[in-house]
Amino acid sequence: MLRDISWRYFDFWLLGAVVLATAFGTTMIRSAVAGNEGLLPLINRQIYFALAGLVLIFVVAAVDYRFWMAIYRPIFIVMSILLFALFLSAQAVFGAARWFQVGVLFVQPTEFAKIATILLLARYFEKTQDRPRGMRWIIVAFLWVFGLAIWILLQPNLSNVVVLLVILASLLWFNGIHLKHLALFAGLGALLMGVIVTFSALGIRIPFLQEYQQQRIANFILPDPNATFGAVYNVQQALIAIGSGGLFGLGYGHGTQTQLRFLKVRHTDFIFSAISEEFGLVGALLVIVIIVLVVWRCLRTAQKARDVAGMTIAYGVATLIFFQGMVNIGVNLNIVPVSGLPLPFISYGGSGLTSLMLGIGLVESVAMRHRQLEF
């Protein structure tokens with residue numbers, strides 16, 4: 001498991017981008033929660049999680065990523081139990097059960113389920129690389145994802161179910177799904193999305209969707225300009241913050257929407273708006289460039305991977321980071337409905353940060369073993 005370590009292939013550009021993003025995110029969290037005594041402990045917690053995450057990257061990188069392929073059943077069983085227990089007992093936040101409380105810490109199994117899904121699919125696509133790319137191949141891959149996604153959907157946490165489905169779709173694409181099947185599922189997805197949007201805008205209840213989820217969609221399609229609370233208000237304040245930042249921003253700790261607390265959940269969902277207000281367009285573009293750099297290094301590792309499993313892991317982590325970043329920024333710019341997805345490495349969240357660090361560790365493990373073993 002450790003015999004083929006070659007640290008000279010460790011991707012320090014990827015590590016540097018992650019460290020830079022995490023350090024900048026922690027700095028912005030400090031500004032976002034300034035003056036709020038109840039939120040001040042979050043700063044130290046994020047620092048501790050960041051340091052632990054950096055150690056985790058090196059530990060996971062030192063372990064051959066194929067080791068996780070051998071224990072895919074325990075991974076699936078443990079994650080299923082955690083997600084089921086979360087569904088039964090966790091506390092609801094913003095309409096969904098999202099975490100367990102362990103002392104002063106809040107653990108979100110859903111974040112780790114994303115990495116588990118990537119590992120399960122990596123093992124599946126490795127095993128089936130020589131099989132026909134028919135409907136059976138697609139359906140079995142879907143069932144592996146569905147086994148975890150169903151408990152997330154029942155929380156209810158639709159946004160993270162969408163993340164898992166996007167990861168599945170991208171990995172099916174990278175592993176050779178036929179264009180006819182791609183067109184079929186794309187058409188079905190567009191039809192389903194059209195029905196959801198139409199019914200939500202008309203106020204028609206949809207089974208398996210919560211009222212607040214449909215309300216978010218309706219608010220995005222037909223926003224109430226007089227709303228003084230809820231998702232519409234949050235997006236309005238986010239847009240004001242972004243617009244007031246201008247080119248170079250109002251300065252660190254001097255953003256009016258952020259410091260006067262008009263901007264809600266400014267250390268999580270809307271931290272991009274806080275960055276734009278205090279560092280302007282330049283700061284916002286810097287964040288985007290850093291995230292793009294992380295995604296690019298993951299894609300580069302996927303291209304150099306020695307096998308299908310390594311390629312799938314690297315592509316999966318790249319997809320996860322890109323999609324969550326794109327959606328979070330889109331929410332802040334009001335071009336997609338409010339979803340609750342964090343900005344990777346930037347937003348506050350110990351579980352989210354740790355799971356991403358775990359994903360980066362897996363990518364580094366692939367990068368370090370991209371050449372054939374020498375006997």
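Me: Before we start, what should I know about the model and its numbering?
Reply: Residues are numbered from 1 along each chain as its sequence is written, and side-chain values use heavy atoms, with hydrogens and water left out. Because the model is predicted, local features need pLDDT of at least 70 and side-chain atom pairs count only at pLDDT 80 or more, while totals for chains, interfaces and linings use all residues.

Me: OK, where is Thr268, and is it buried or exposed?
Reply: Thr268 sits in the loop between α11 (256-259) and α12 (271-304), where helices are DSSP runs of H or I with at least four residues, numbered from the N terminus. Thr268 has a relative accessible area of 15% and is buried, a word that means under 20%, with exposed over 50% and partly exposed in between, using a 1.4 Å probe and protein chains only.

Me: How far is its C-alpha from that of Ile29?
Reply: The C-alpha atoms of Thr268 and Ile29 are 8.3 Å apart, although 239 residues separate the two along the chain.

Me: Switching topic, what is the phi of Asn334?
Reply: Asn334 is not a glycine, yet its phi is positive, at about 60 degrees. Most residues other than glycine have a negative phi.

Me: And which loop holds Asn334?
Reply: Asn334 belongs to the loop between α13 (308-332) and α14 (350-368), and Phe345 lies in the loop between α13 and α14 too. Phe345 also has a positive phi, near 70 degrees.

How values were computed
Helices (H or I, at least four residues) and strands (E, at least two) are DSSP runs, numbered from the N terminus.
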